[in-house]
Amino acid sequence: MRSGLRAWINLANGSTLAGLGVAAVGGARVARSTDRLFVGTGYRLPVPPAPAFCLGNVIVTRLNGLDPSSALFRHEARHATQYACCGGVLMVPLYLVAAAVSWTLTGDTGSRNVFERRAGLAEGGYTDKPLRPALRRAQPARSMTQAR
């Protein structure tokens, strides 16, 4: 999705305004960045615990800056597109369900979270974790033809 279209959709669906509000409440300094995104730096609230997160077209971070060419910036920019595709702030409960499913399967909120996987696990600082041991034992054995 083009950045201009994403920006208009996220403005219309309220997610960018929500992002600007959360950044302000968290004491972040907001500035325009590339691809019609805003970056709020110096976020001070304890939640969420991630070093950076996205709401609409606003990337919020505890860091003092975020380089637009960095992997983390690209990862968060993909989340901005997800907000446009998921109806704005409706993505928040969808994301929380995906995080709960991931935690249930692996003990990690990001590893099997569909939103994090599609935004690029490694770029967001996540690692791919195996299923919990009890779930691995419950999986049916794959035959050689299924493995191909």
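The structure, a predicted model, holds 4 salt bridges. Glu-123 pairs with Arg-78 in one of them, with the closest N and O atoms 2.3 Å apart. This pair links distant parts of the chain. Glu-123 sits in the loop between helix 5 (114-119) and helix 6 (133-138), whereas Arg-78 belongs to helix 3 (residues 71-85). The two residues are 45 residues apart. Glu-123 is partly exposed, at 23% relative accessibility. Arg-78 is also partly exposed, with a relative accessible area of 32%.

Asp-128 takes part in a salt bridge with Arg-112. Here the closest N and O atoms are 3.9 Å apart. Asp-128 lies in the loop between helix 5 and helix 6, and Arg-112 in the loop between helix 4 (91-106) and helix 5, so the contact ties together parts 16 residues apart in sequence. The relative accessible area of Arg-112 is 31%, which makes this residue partly exposed.

Asp-128 also meets Arg-117 in a salt bridge, at 3.1 Å from N to O. Arg-117 is in helix 5 and Asp-128 in the loop between helix 5 and helix 6, so this pair joins parts that are 11 residues apart in sequence. Arg-117 counts as partly exposed, at 39% relative accessibility.

Note on methods. Residues are numbered from 1 along each chain as its sequence is written. This is a predicted model: local features need pLDDT of at least 70, side-chain atom pairs count only at pLDDT 80 or more; totals for chains, interfaces and linings use all residues. Side-chain values use heavy atoms; hydrogens and water are left out. A salt bridge is a side-chain nitrogen of Lys or Arg within 4 Å of a carboxyl oxygen of Asp or Glu. Helices (H or I, at least four residues) and strands (E, at least two) are DSSP runs, numbered from the N terminus. Buried means under 20% relative accessible area, exposed over 50%, partly exposed in between (1.4 Å probe, protein chains only).
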